[in-house]
Amino acid sequence: MAATEQTVEQVRAVTEQKYKYGFTTEIESDLAPKGLNEDIVRFISAKKGEPEWLLEWRLQAYRHWLTMEEPTWAMVDFPKIDYQDSHYYAAPKASKDKPKSLDEVDPELLATYEKLGIPLKEQAILAGVEGAGEMPAVAVDAVFDSVSVATTFKKKLEERGIIFCSISEAIREHPELVRKYMGSVVPYSDNYYATLNCAVFTDGSFVYIPKGVRCPMELSTYFRINASNTGQFERTLIIADEGSYVSYLEGCTAPMRDENQLHAAVVELVAMDDATIKYSTVQNWYPGDENGKGGIYNFVTKRGACRGRNSKISWTQVETGSAITWKYPSCILQGDNSVGEFYSVAITNNYQQADTGTKMIHIGKNTRSTIVAKGISAGKAQSTYRGLVRILPKAEGARNYTQCDSLLIGDKCGAHTVPYIESRNRTARVEHEATTAKISEDQLFYCRARGLSEEDAVGLIVNGFCREVLKELPMEFAVEAQKLVAISLEGSVG
Amino acid sequence: MLEIKNLHATVDGKEILKGINLTINPGEVHAIMGPNGSGKSTLSYVLSGRDGYEVTGGSVTFQGKDLLAMEAEERAAEGVFLAFQYPVEIPGVSNTTFLKTALNAVRKHKGLPELDAMQFLKLIRAKAKSLNMNDDMIKRAVNVGFSGGEKKRNDILQMAMLEPSFAILDETDSGLDIDALKLVADGVNSLRSPERSMLVITHYQRLLSYIVPDHVHVLAYGKIVRSGGKELALELEAKGYAEFGSPEAA
Ligand SMILES: Nc1ncnc2c1ncn2[C@@H]1O[C@H](COP(=O)(O)OP(=O)(O)OP(=O)(O)O)[C@@H](O)[C@H]1O
Ligand SMILES: [Mg+2]
């Protein structure tokens, strides 16, 4: 055992160092005073130079939020959040004028992205910006605390009419698009956290793919919470016009901190006729330490509307971080023959809690949805799959297939499956399969007898268990996601 | 190479091995035969370091080192290999990924550079071909959906890739068809060398006519009760194990 423990310790020392070291101390923030009230909402809106209608929308949301109660139905347990004890706006001071090149972005930030496999290399980006060299595989928008710091390859994309920028910029440059679609999938009154987000959101990404355009590269946003005592409230809005295609990847990290930090994002997707949006998430927020201290509360609302005929929205998520994850990326299948997919891996270790799943709302005829959810629990973690499949009366010939598999490592963790199925059309067909298994002693020994350490064996077996989901990730990120899966289970056996 | 002295082991508090003595020199092939439940697989697990098999007495020295002090993966890296009586399925993990990870772990332990994807593929294709396994089989998930005989062949492929210095084959012949038996035996024989030793567990003389052993032992009720040359296997086939008593007697 000694040798295994030593390696685990070494790897942990390295990763923790990465969390600890660096830029949190180096960058001064421009902070709003702590607390939440109408003045803070106005402050944020003014900081961003927003139009009147948006301020009104924010205030409307804020007033509504005051009337709402924090939901308690999820299988997660945490002390009450004091919403007055947070800063609702934090911008790196240096970036009042946005950095012109990545020279001005902190190298630690870049190192973090690189650790997650984002090829955000300066040379490549400069080449892209100048239009030199070949078409890159990935364009990145980086959100640092509340502010978007760098969007790469913008010109390349503009040549095809694609808009990829921060949501703040979109509000300034493309107000008609933002006004038309923002809040159209997740209304301001949707739920406690989404409503809060509407009031105080600070930045996020915006994508518009024009008719008939296939986005030539992966679009990617990297979110990072840096300043302490800040919440992060981003909004992402992606619109795929008729016959277009886009694949979008979101990654998240946060430094180690003892206090819990709130992250309440809203993501809205709109797919028109024959359009496809593929949205992938690799979530690696700080999960707290092995005693359950610190970590991010990840309370996120993600929803996609398949508005058009034959449209398709596919969610793939690899959730390994956060102290608490509370998210249900959903599809509203409105257009006839539209398709919704949800592929999920949720890994919880130590004291992490995850209540995650999806909703598939079948409205149009012959709409189809597929759900593949893999939950892995280790340590004292609790993981819940919660999914709703709703078939409305007009959804002739709707189909759903759901598969939920849970894998337990050790005997102090738990996995729960809570499927809700509501079918109001007799021609619809809904299938649900669920399995729960323990990582088997036979498998572990078989691997070890071939020379693999116990840690590597667990990593390999769990990656095998998640394969169906991981293969849905864009190539560029699949390998990194596999490593992340193994790393997040460190110390879970032995 | 391997020296087992007065080895006692229990499983779930029940003593299964009751004082095994066995010395295997470099290059030797030893066969172990014996009735069902006599402790043959238990011995193979104890030697390869499986958790839950508690050694209560005795010692095992492997190439001058205390084998029992090593973790399972260290033993594998030091050159101990077990071909399982029941090879295990690992869904979603391809044979190539599994073997590449294993081979590189063992190479790392030996201070050798890791093989890259191309070198590895070339090697595994060549070895698989000699065992009559096609590309499809090496790409599939480890043992998932494999027939009994295919699983055994897959374990031998792993052995051929890892090139251990001491291999234990636990009933590798059971479930193999006549042609496969010949292929596997050829595979095993091609690995025989003056440095490499083997412990072959089997119920049937037939395997031993292909893989000819230097010594044959009878393991009954936790002890080696008789040892001899290859002709002992023929004798056992004719007479059975009756003369070695019953569980109560042991
Ligand atoms: N977990 C366990 N608890 C109790 N008894 C066990 C356990 N595992 C094995 N045994 C017993 O140990 C004895 C030896 O088993 P082992 O598998 O080593 O036999 P074997 O000689 O390999 O038999 P076979 O020829 O059938 O493969 C058997 O009686 C078996 O029932
Ligand atoms: Mg046996």
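Tutor: Let us begin with exposure: a residue is buried under 20% relative accessible area, exposed over 50% and partly exposed in between, with a 1.4 Å probe and protein chains only. This is a predicted model, in which local features need pLDDT of at least 70 and side-chain atom pairs count only at pLDDT 80 or more, while totals for chains, interfaces and linings use all residues. Residues are numbered from 1 along each chain as its sequence is written, chains are lettered from A and ligands numbered from 1 in the order in which they are written, and side-chain values use heavy atoms, with hydrogens and water left out.

Student: Why is N310(A) called partly exposed?

Tutor: The relative accessible area of N310(A) is 36%, so the residue counts as partly exposed. N310(A) sits in the loop between strand 13 (295–306) and strand 14 (312–319) of chain A, where helices (H or I, at least four residues) and strands (E, at least two) are DSSP runs numbered from the N terminus. Its phi is near 55 degrees, a positive value in a residue other than glycine.

Student: What makes E163(B) partly exposed?

Tutor: E163(B) has a relative accessible area of 42%, and is therefore partly exposed. E163(B) belongs to the loop between helix 6 (148–162) and strand 9 (166–170) of chain B, and phi of E163(B) is near 45 degrees, again a positive value in a residue other than glycine.

Student: How do you know that S280(A) is buried?

Tutor: Its relative accessible area is 0%, so S280(A) is buried. S280(A) lies in strand 12 (residues 276–284) of chain A. Leaving aside residues up to four places away in sequence, S280(A) touches Y248(A), L249(A), E250(A), T316(A), L473(A) and P474(A), contact meaning heavy atoms within 4.5 Å.

Student: What makes S41(B) and Q85(B) ligands of the magnesium ion (ligand 2)?

Tutor: Donors are N, O and S atoms within 2.8 Å of the metal (3.2 Å for Na, K and Ca), and water is not among the atoms, so sites may look incomplete. The OG of S41(B) and the OE1 of Q85(B) coordinate the magnesium ion at 2.0 to 2.2 Å. S41(B) lies in helix 1 (residues 40–48) of chain B and Q85(B) in the loop between strand 6 (80–83) and strand 7 (90–94) of chain B, so the pair ties together parts that are 44 residues apart in sequence. S41(B) is buried at 18% relative accessible area, and Q85(B) is buried at 14%.

Student: Why is the pair D51(B) and R448(A) called a salt bridge?

Tutor: The term requires a side-chain nitrogen of Lys or Arg within 4 Å of a carboxyl oxygen of Asp or Glu, and D51(B) and R448(A) meet at 3.5 Å, N to O. The count between chain A and chain B is six salt bridges. Helix 10 (441–448) and helix 11 (454–465) of chain A each supply at least two residues of the side of chain A that touches chain B, and the largest share, seven residues, comes from helix 10.

Student: What makes helix 10 of chain A largely enclosed?

Tutor: Six of its eight residues are buried, so helix 10 of chain A is largely enclosed by the rest of the structure. The buried residues are Q443(A), L444(A), F445(A), Y446(A), C447(A) and R448(A).
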